[in-house]
Amino acid sequence: MKLHNAEKTCWNCPAAMLKGNVDFRACGQSVESIRDKIESEGLLIECSRRSELGLFEPSITFEECLEWRPTEYGYLLNEMRVMILGVDGYLGWTLALKLGSLGCRVSGVDCFIRRNAVDEKGSHSVVPIAPIEERIGAAREVLGIDIEFREIDILDREKLGAFMREVEPEAVVHYGEIPSAPYSMVDCDHAIKVQHNNVIGTLGVLFLMKEIVPEASLIKLGTMGEYGAPLTGRPIFEGMFPADAVLLWNDREWSLGGELTPRDPVSFYHVSKVQDTFNVYEACKYWWLRSYDVMQGVIYGVHTEQVASDPRLRTRFDVDEWFGTVVNRFVAQAAMGMPLTIYGEGQQIRGYIALEDAMECMVRLISSPPEPGQYDVVNQVSGLHKVRELAETVAKVASEKFDLKVELQRVENPRVEAANHPFEAVSTKLPNELGFQPDTSLETEIERMLGLLARPEIMERLRMVEHVVRPRTWWSGDKREVETLEIYMPGTKETDGFTPTLVTGKEEATTIRPKTNADVSTPLVAVEVEKE
Ligand SMILES: NC(=O)c1ccc[n+]([C@@H]2O[C@H](COP(=O)([O-])OP(=O)(O)OC[C@H]3O[C@@H](n4cnc5c(N)ncnc54)[C@H](O)[C@@H]3O)[C@@H](O)[C@H]2O)c1
């Protein structure tokens, strides 16, 4: 069977030097018109990796090219140079080890803003993480991986630019943002800090890439939270409306095909991601940069082969109300004997993906760059779940595999979000175009997390941060601990409300959608969710 990117050509390859041969970056023409022109008039390029080819047509496929070698995730450039912004973080560290073990030359920057913000909360990563120099030393010793690291704040464009010039990355993975909705809702200072760090940081990265590595692909992390949860039940497409989408209004019809879909962010953090989306989109349009904007679901878990290979290689794991994500927090609560805190009714539906699966998606995206000028969006989720059902699943695994007695509690919801809503999300590109199949079930990863947290030294660290687990950051600006509305045993509540639908293109959508907005119950003050 052919690998998913076998047919991609020099057009997709960051080693293809188009710039000196055709000056199209500022011309504002579409990729199609440029391609037509090239096909009729011919275009010759050079390869930065294979100078012996001289000038040639950009038509060599990855399968044919000696610089691309087959891996289990598709063809990958030999010793591909990948720069990770935010390499000390939960995902950045995990990806660095995975890419390193696949033979990539990994570089990374971080300014430790995440470590500092967790300190500010009075918390710590429950799974201990060493200072970055020690982590890098351990990666070298255990896995034979060299990570080229610089302590740089992305906002410092001079330093970041110098590092980019030195490394000349062929792909830039941008994880380097403050990822917490509650943190952005603490007060005005925190909201400004998040938006400044994220939006201005990303804008600077775009300008640097234009100047220094215009052929590199940018894999930019957005979030499914950018879309919100459309109360009409309108499907959440992958960033743009499909070609056959039509707007009917006032007895007239317009095609919406290819337009960005509406965004409805649910916190000032999520607003920063939406602003990034527009900036990345524009940069691709103006300067022919290429980017995947990854609308990532909430991540859960602790496991990849590399992070599990040595305690010093583990990635961070946070459970506080600012930085812990919902499944990770539920697992921690189950391990501690704290009833799992479900915000409101727990009917909120969101997209989720295990750490291990998310890393696989990222490798596939890195190995399959978009064409110059192409802004592409993928919804990176492997399952849709209601918060209340997640709590039930955690309780079930905890009781069956670890003999833990787990209670559930409904607490006041400090957020402003729909209490009960339909949810149909589309995620067709990763499974159909990039060969991704989720491997890790929710139950498997919950079991792994519980196993890790059960270790005495980790349980001790968990106990030390018990006091920062319960939410006290309200979207209203209040600072008071939420009250418990009800405590109940798992399995004692009926499953009701809307059924989520994940459209992967391999099955038909089956959910019956409400006919009108009025059919949807939408109290605007409601319930928990992702803590990303
Ligand atoms: N974890 C999730 O569930 C999730 C879900 C959807 C999207 N995301 C997105 O994925 C990305 C990574 O998330 P994560 O969970 O690994 O977060 P993280 O906080 O663990 O990692 C981000 C890293 O970037 C660094 N950073 C932030 N701003 C920086 C700056 N100005 N200069 C240098 N370094 C900077 C931080 O110190 C941190 O180490 C974020 O953009 C986040 O919004 C995460």
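Select helices α7 and α8 first: α7 passes α8 in a right-handed crossing, the near helix being turned clockwise from the far one by less than a right angle. Helices (H or I, at least four residues) and strands (E, at least two) are DSSP runs, numbered from the N terminus. The model is predicted, with local features requiring pLDDT of at least 70 and side-chain atom pairs pLDDT 80 or more, while totals for chains, interfaces and linings use all residues. Residues are numbered from 1 along each chain as its sequence is written, and side-chain values use heavy atoms, without hydrogens and water.

The axes of α7 (residues 188-212) and α8 (residues 268-287) come within 9 Å and cross at roughly 15°; axes are lines fitted to C-alpha atoms, for helices over the stretch in contact, and angles run from 0 to 180 degrees between N-to-C directions. The two helices are therefore roughly parallel (angles under 35 degrees).

Next, display the side chains where α7 meets α8, including L203 and F207 in α7 and V280 and W287 in α8. Contact means heavy atoms within 4.5 Å.

Now select the open sheet of seven strands, ordered β7-β6-β5-β8-β9-β12-β16 with parallel pairing; two strands pair if DSSP finds at least two bridges between them. At its edges lie β7 (147-151) and β16 (375-380), each pairing on one side only. The twist averages 20° from one strand to the next.

Within the sheet, inspect β5 (residues 81-85) and β8 (residues 171-174), which run parallel and are joined by four bridges. Here V82 stands opposite A171 in β8.

Finally, return to α7, which packs on the sheet and touches β5, β8 and β9 (217-223). Its direction makes about 165° with that of β9.

Conventions
Parallel < 35°, antiparallel > 145°, perpendicular 65-115°, else oblique.
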